[in-house]
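Morning, everyone. Let's get the structure up on the screen and walk through it together.

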Amino acid sequence: MCGIVGYVGTKKALPILLDGLGQLEYRGYDSAGVALVEDGQLEISRAPGRLSALKKLLTEKLTTSTGTNGIGHTRWATHGKPSEANAHPHASEGVCLVHNGIIENHLELRRELEREGVVFTSETDTEVAAHLLAKEIKTTATPLDALKQMASRLRGSYAFLALDERFPDRIFVAKTATPIIIGVGEGEFFIASDIPALLPYTRSVIMLEDGDIAELSPTRCYIERDGVEQKREVVQITWDRTTAEKRGFPHYMIKEIFDQVEVISDALRERVDMSSLEVDLSETHLKEDQVKATRTIHLVGCGTAWHACLVAKYLIESIAGIQCVVDHASEFRYRSLTLHKDDIVLAISQSGETADTLAALLRGGEQCRTVAICNVVGSTISRKADHVLFTRAGPEISVASTKAFTTQLVAAYLLAIALAEMKGTLEQRREAVRALLNLPGAIDSTLKLNDVIERIAERYRTHRHVLFLGRGLCYPIALEGALKLKEISYIHAEGYPAGEIKHGPIALVDDNLPVVVLLPRQNELFDKTLSNLREVGSRGARIIAITDSERHDEIAPYVEEVVTLPFISHHLTPILMSIPLQLFAYHVAQKNGLDVDLPRNLAKSVTVE
Ligand code: F6R
């Protein structure tokens, strides 16, 4: 989710790089840096904080710099806190590079390089790539060969731009599973991780493909893959800047819903070993003896994050067998508590700055160990917690949380598995982990239902009340579906445990009430929820069933709509169930002409009580 830019041509590179980074700041902004080749020497400048800090540092250089070749980076931290040392570019012996992506095997490469005497100056995964490149350059004919060798050692996702001071008019590029686009100018090339950075300069672009390695000079763009030169078409971009930022989608919310395949893949990277099917959360520094001693986990969060806490409770109790209690952070902070020193307070927060969640975490920290599941590296909650698991959803701009929520659920699932491993109680680990590996593909298939959900949204968008029902792991998803609809459509919506409606809310049901029923295939839950569905159906409710079961014949007689999702495992069903509800809320709000990304009265991060 970082932003990267490069320029090689005949103009002064620095202003172009800073401008490009400014266009990409929406992708992440905890530090920034640039590197130029000036008179045959690499000159690197980096600064923590927003891009303005780097610009301030470079005020004088903007007039003196003559370099016509350079690379730049704006960082959204995944490995290591936001700091100057962790900011890109990273350098080694006359080469430097910027990176977007995650290197999964960075720890083993780091150990290998350290054994050879390399001294690391940052906590990033990227620095291994800089040292590897410098090492390979010593034994290969060209920097491009060295880049190929370096890339062949890496596992994970990456887009690299590299400079070698011995080749002052060249930029070297490598790409796998992370976007990189080359803008074509007259005697110049612009390179960026995202289209908005290129638009002020050119609309003619070449999209690099996975496995591509490229060498750019002012007059030549050479691309090869597997040792064979590639001829790539130059395409014309017709998007304006805002459309480009949203990857062509009309709103950030729908872009972020569609980001879920990628960010969930990122959330699993280097944490799940595909061959051994093991989960590695050593990054949290949780110790086996602490986990074995844990009596109760107190989960705290607000809004959507509180719904993630409810799902996490189910997962941790059922996978790790540790008792969990869930509280709204705003209640927990003032409640009389009976915390034990061996308890854990687990706070979930996208921003890491929510005032109530922070206060609840600090209060917990007075008496016991604290853990945070958090999206923003360097945020207050992530710094105050004893242990942190980052969700890696990247910047979430739309006020309504979507990808942050599903990555919180992925983090909770990984944590539940890791806790069970440490307690020595994990059963069927291979099945549990294998299911995760199928998750990005299942999300992709679920997103293909977008047109179906859009049609359903059109059918129900004028209703003023909607009920969402679910049981077990799907109950928090019913709450989340209702919250999404309320916050962006201003339609009154309630989520309820399906088994509870006969104790009151069923009085609301008439022949004009849309009821969304979540029907997971798990036998017992399916049967019970189906009988709740019949209870509302026989009172005239207009039912939309969302299910991963194949028992459609039993559902069909009572419902107006059935949405069928792929099935991978009972524990991961809530993640897939969330997606049609996010899409439903989005399409209803959008069709009703509302400001989807900035709903009234709401702020993205609630830093006051
Ligand atoms: C709803 C939403 C909010 C947040 C809540 C907590 O879509 O985004 O309910 O979940 O304000 O925010 P974080 O997760 O930043 O602590």
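The largest pocket holds about 1,200 Å³ of space. Keep in mind that this is a predicted model. Who lines that pocket? The lining of the largest pocket counts 40 residues. Five of them lie nearest its centre: His-79, His-106, Glu-270, Glu-283 and Arg-392. Find those on your screens, please.

Now the elements. What is the make-up by class? The lining of the largest pocket has 15 charged residues, 13 polar ones and 12 nonpolar ones.

Glu-270 is among the residues nearest the centre of the largest pocket. Glu-270 sits in the loop between H9 and E16. Its backbone has a positive phi of about 60°, although Glu-270 is not a glycine.

On to the ligand. Where is it? The space it takes is the second largest pocket. Around the ligand there are 13 residues. Coming nearest are Ser-349, Gln-350, Ser-351, Thr-354 and Glu-487.

Let's take the contacts one by one. Ser-349 places a polar side-chain atom 2.6 Å from an oxygen atom of the ligand. Thr-354 also uses a polar side-chain atom, 2.5 Å from a ligand oxygen. With Gln-350, it is a polar backbone atom that lies 2.6 Å from an oxygen of the ligand. How much of the ligand does the protein cover? On its own, the ligand has 410 Å² of accessible area, and the protein covers 89% of that.

The largest share comes from H11, with 3 residues. By class, the shell around the ligand has 7 polar, 4 nonpolar and 2 charged residues.

One last stop, back along the chain. Look at the peptide bond from His-88 to Pro-89. Is it cis or trans? That bond is cis, with omega near 0°. Pro-89 lies in the loop between strand E4 (69–75) and strand E5 (90–92).

So, to recap the two sites. The largest pocket has 40 lining residues. The ligand takes the space of the second largest pocket. Thanks, over to you.

Note on methods:
Residues numbered from 1 in each chain as written. Predicted model: local features only at pLDDT ≥ 70, side-chain atom pairs only at ≥ 80, totals over all residues. Heavy atoms only, no water. Near = heavy atom within 4 Å. Polar contact = N/O pair within 3.5 Å; in protein donor to acceptor, adjacent residues only side chain to side chain. Areas by Shrake-Rupley, 256 points an atom, 1.4 Å probe, with all protein chains shown as cover. 1 Å grid on protein atoms, 1.4 Å probe; cavity = no way out; pocket = protein on both sides within 12 Å on 5 of 7 lines; lining within 4 Å. Sits in = over half its atoms within 2 Å of the grid points. Helix = DSSP H or I, 4+ residues; strand = E, 2+ residues; numbered from the N terminus. Nonpolar A, V, L, I, M, F, W, Y, C, P; charged D, E, K, R; others polar. Points joined across faces, edges and corners; volume = space filled by probe spheres on them.
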